[in-house]
Amino acid sequence: MSTMLTSEPVTFGSPGRSAYIPAPARLIDVRDLTAQEKLFRLRLDDGRALDHQPGQFVQVSIPGVGECPISLCSSPTRGPDFELCVRRVGEVTTHIHELRPGDVCGIRGPLGHGFDPQEFIGRDVLIVAGGLGMAPARSLVQYILDERTRFGRFHLLYGARAPTELLFRDDLVRWNESPDVNFLLTVDRPDPQWRGKSGVVTTLFRHLPKLDPERTLVAVIGPPVMFKFVVIEVLARGIPQKSVFCSLERRMKCGIGKCGHCQANHVYACLEGPVFRYGELKALREALE
Amino acid sequence: MLDRIATHADLVAAINELAAQWRLIGPVARPEPRCQPPVRYFYEPVERAEQIDLSFSYGVYSPKRFLMPPGETLFTFRKTERGFTAEPQMEASPTALIGVHPCDIHAIQTLDGVFARDFRDEHYFARRERMFIVAVDCPQPCTEGVFCRDMESNDAASGFDVMLYPLDRHSARGTSPADHDRYGVVFGSDAGRAWLMGDGLPRTRAPGALDARDFETYQRRKQAAFPRALSTPLDELPALLTRSYDSLLWQATAQRCYSCGSCNLVCPTCYCFDINEENDLPLSTGARVRTWDGCQLREFAVVAGDHNFRARPQERLRHRIFRKGMWIQRRTGHKGCVGCARCDRACTAHINSVEIYNQLAEEG
């Protein structure tokens with residue numbers, strides 16, 4: 001069986017097709033975000049849109065080096081191109097950082113269970129993002145802004161460790177000026193030039209107006225240590241835990257619920273997650289500890 | 001109900017006929033002076049039926065590696081000027097797996113379930129769908145320490161092409177020549193039926209009243225021959241585990257765990273794997289391969305930032321037992337553990353799953 005990748009659409013799990021073969025995607029644009037993170041805009045060679053949900057991820061392949069899971073950080077409402085924010089931490093991400101426009105990498109996905117936009121439509125939305133969690137959060141932010149009339153009040157809280165670690169600075173400026181989103185920003189460790197708020201992300205809650213517990217859905221995206229403190233603030237405002245969604249970080253290998261690497265207790269983060277209701281996550285002892 | 005009766009000689013002839021078109025795999029005796037009797041059995045490729053011992057005790061390893069090889073190329077790639085091409089590798093030669101005990105039949109059904117659900121794994125099914133399975137029933141436990149009866153996996157009603165019941169082994173083992181041994185035959189598929197009843201002379205005969213009576217006796221003796229080892233019934237294991245999540249027994253037992261992963265290696269239902277790159281020289285071509293991995297190895301649950309969600313051996317031991325006793329079943333509808341006790345025999349630290357279950361049960 002021989003397959004030239006350029007002619008093969010990704011159809012996972014269809015008879016005779018390997019679910020492990022990446023589809024080639026061409027790099028359209030690269031931008032530096034911080035010293036560690038770059039933003040990559042990609043297009044599948046066959047021209048197909050990924051058709052993803054905010055919160056889903058893809059496996060990015062560099063043949064000869066390997067594969068790693070990366071969250072999608074653009075909204076499906078933005079056309080067939082998609083964006084990935086990649087932090088340089090290991091071998092694969094280092095090689096991704098070396099890609100130049102016109103280069104090709106491999107993509108498997110979209111994978112996992114994201115934020116279902118249908119569930120958020122008609123509701124007030126509070127997004128709380130910490131650190132690199134701003135990357136998947138941005139996909140949902142863009143979605144809401146692009147479909148703004150279909151959502152109620154929209155609050156976005158973003159906490160970074162330091163001003164130098166802020167992602168998507170252009171977006172932050174736009175969101176800050178936009179009447180469509182109540183955007184609040186803080187850094188843990190301000191530098192002398194910093195004019196904004198400082199403190200951990202939960203300190204932003206005191207700047208929020210009263211939230212409607214019946215109407216508000218909350219998306220929490222960040223390091224697991226953040227979840228608990230954010231959820232306390234959310235529950236304190238009367239929002240039921242069933243209205244809280246969290247995105248769980250694991251190192252997926254296969255991405256299709258087999259290899260076991262992302263398993264937290266009985267769930268596979270690559271299938272049932274990475275986005276979970278907090279109520280489900282709470283029962284998973286390994287997810288948060 | 002038996003479909004046919006075959007003699008040992010019938011089966012040898014029929015298996016040798018299979019060998020013309022199929023790769024034969026079966027349990028082969030290997031001398032091992034430290035064992036009593038001084039042999040151990042391994043599933044290996046063979047040329048002739050005579051090399052296979054259908055009355056083997058147990059395979060040190062299960063036949064898992066013929067369905068899911070320890071190392072497997074998923075695809076090969078070739079780098080081009082600015083991109084790459086990839087070619088999936090799903091070759092599989094038709095394979096006849098001869099001499100599979102009911103526990104391993106159940107384990108294969110578990111693997112089938114795992115690789116069929118969610119995203120179907122065509123690499124697995126390329127082999128599975130070209131596999132012919134001849135099962136052999138166990139008239140008595142194959143060795144000490146097994147708990148297949150507790151796991152309800154010492155009988156198999158499906159998951160094979162042919163099941164052989166060694167009707168004379170209770171009474172005649174060691175006293176009658178092997179070629180007079182009778183096997184009760186149950187067909188599990190049309191391919192199985194065609195094998196023993198297809199073109200040419202039928203090698204088997206219809207069961208008579210005597211055979212039917214002997215089969216009843218066989219089943220009755222079998223029921224008596226398999227003791228229970230677990231103090232908790234199978235359907236109560238999930239509840240037992242759920243209330244034992246915070247038991248100190250995990251730590252007490254895992255104190256002696258070397259995190260070597262031998263239990264994962266020999267387990268017929270362990271299927272976790274890693275995916276890695278293999279490059280050729282020069283570096284323009286290579287392969288993406290998957291290799292067996294094990295949840296007992298320390299690095300298995302490491303995530304970004306080197307955080308390890310199961311950093312301590314007790315967390316990994318609990319994870320394994322929870323998978324075996326509850327989670328695989330809940331996810332796939334198939335058995336997570338078949339009670340073969342290979343993990344217990346392989347454990348260098350003598351960690352014993354029956355002891356774990358029974359100690360947890362005593363905690364109430």
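Start by selecting Asp118(B): just after helix α3(B), this residue takes a positive phi of about 60 degrees. The model is predicted, so local features need pLDDT of at least 70 and side-chain atom pairs count only at pLDDT 80 or more, while totals for chains, interfaces and linings use all residues. Residues are numbered from 1 along each chain as its sequence is written, and chains are lettered from A and ligands numbered from 1 in the order in which they are written.

**Stop 1**

Now select residues 102-116 of chain B, which form α3(B). Helices (H or I, at least four residues) and strands (E, at least two) are DSSP runs, numbered from the N terminus. This helix has 15 residues and reaches 21 Å from its first C-alpha to its last, close to the 21 Å expected (1.5 Å times one less than the number of residues).

Is α3(B) enclosed or open? Twelve of its 15 residues are buried, so α3(B) is largely enclosed by the rest of the structure. Buried means that 20 or more other C-beta atoms, placed from the backbone, lie within 10 Å of the residue's own.

**Stop 1: where the chains meet**

Show both chains: 42 residues of chain B are in contact with 41 residues of chain A (C-beta atoms, placed from the backbone, within 7 Å). On the chain B side, α3 is one of the elements that each supply at least two residues. The largest share, six residues, comes from β10(B). Colour this side by type and you will find 23 nonpolar, six polar and 13 charged residues. Here Ala, Val, Leu, Ile, Met, Phe, Trp, Tyr, Cys and Pro count as nonpolar, Asp, Glu, Lys and Arg as charged, and the others, Gly among them, as polar.

**Stop 2: a sheet in chain A**

Move to chain A for an open sheet of six strands in the order β4-β3-β6-β1-β2-β5, with antiparallel pairing. Strands pair if DSSP finds at least two bridges between them. At the edges are β4 (66-71) and β5 (82-87), each pairing on one side only. Zoom in on β3 (residues 57-62) and β4(A), joined over six bridges; Val60(A) has Cys68(A) as its bridge partner.

**Stop 3: parallel strands**

Finally, select β8 (residues 154-160) and β9 (residues 182-187) of chain A, which pair in the parallel sense over six bridges. One pair of bridge partners is Ala160(A) and Val187(A).

Notes
Two residues are in contact if their C-beta atoms, placed from the backbone, lie within 7 Å.
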